[in-house]
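Colleague: I'd like to learn how the words we use for a fold are tied to cut-offs. Could you take me through one example?

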Amino acid sequence: MNKLFVVSALLITGTVQAATTVNGGAVHFSGEFVNAACAVSSDTADQTVILGQHRTANITAVGQYTSNKPVTIKLVYCDTAVSKTAQIAFSGPIDSTDTTLLKIHSGPSSNATSATGVGIEISDSKGNVLTPDGTVLSTAQTLIDGDNTLNFMARYKSTAEKATAGKAYADANFVVTYE
């Protein structure tokens, strides 16, 4: 009854409080319609591959590798009447010492130090290195109707006799070519 009394009192006195409006932020929507054999699954369109933590002492020569980590790109709603195969090409900042590698950076923190002496190598399911310049296509994978998973590998590769400690992030975009 107290609530009813307050509302009645406001109506009787004629007091009306103005609404307050403040900016709350933004909502971004992202998507795309394509005229292609498949669509890239939202699960793999924007992903992070954890390459792990490695000791600098293990880098003692140029050309050494860490272990491979799987990278998958899932294509969904594929229609083989439109295209029979798919290939992927990656692009991103290229390492200045070894142009087959992605250049690493210190990541999202502006205060972090970047490791040196290593880059990131991406290869397809057949072991072919995919230079991240956007021109080297993976081995063609035959599509089936429905969902398809394309498999890749990523790993660090040393570009110097010694690596220095620091964060080792890299970013790559990919495109799908259908035939």
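Colleague: Which strand does Tyr77 lie in?

Modeller: Tyr77 lies in strand 2, residues 69-78. A strand here is a DSSP run of E with at least two residues, numbered from the N terminus. This is a predicted model, where local features need pLDDT of at least 70, side-chain atom pairs count only at pLDDT 80 or more, and totals for chains, interfaces and linings use all residues. Residues are numbered from 1 along each chain as its sequence is written, and side-chain values use heavy atoms, leaving out hydrogens and water.

Colleague: Why is Tyr77 called exposed?

Modeller: Exposed means over 50% relative accessible area, buried under 20%, and partly exposed in between (1.4 Å probe, protein chains only). Tyr77 has 69% relative accessibility, so it counts as exposed.

Colleague: What is the phi of Tyr77?

Modeller: Its phi is positive, about 55 degrees, although Tyr77 is not a glycine. Most residues other than glycine have a negative phi.

Colleague: How do you know that strand 3 and strand 5 pair?

Modeller: Two strands pair if DSSP finds at least two bridges between them. Strand 3 (residues 85-91) and strand 5 are joined by 2 bridges and run antiparallel. In one of these strands, strand 5, Thr142 is the bridge partner of Thr85.

Colleague: What is the order of the strands in the open sheet?

Modeller: The order is 5-3-7, with antiparallel pairing. Strand 5 (141-142) and strand 7 (173-178) each have a single partner strand, so they stand at the edges.

How values were computed:
Helices (H or I, at least four residues) and strands (E, at least two) are DSSP runs, numbered from the N terminus.
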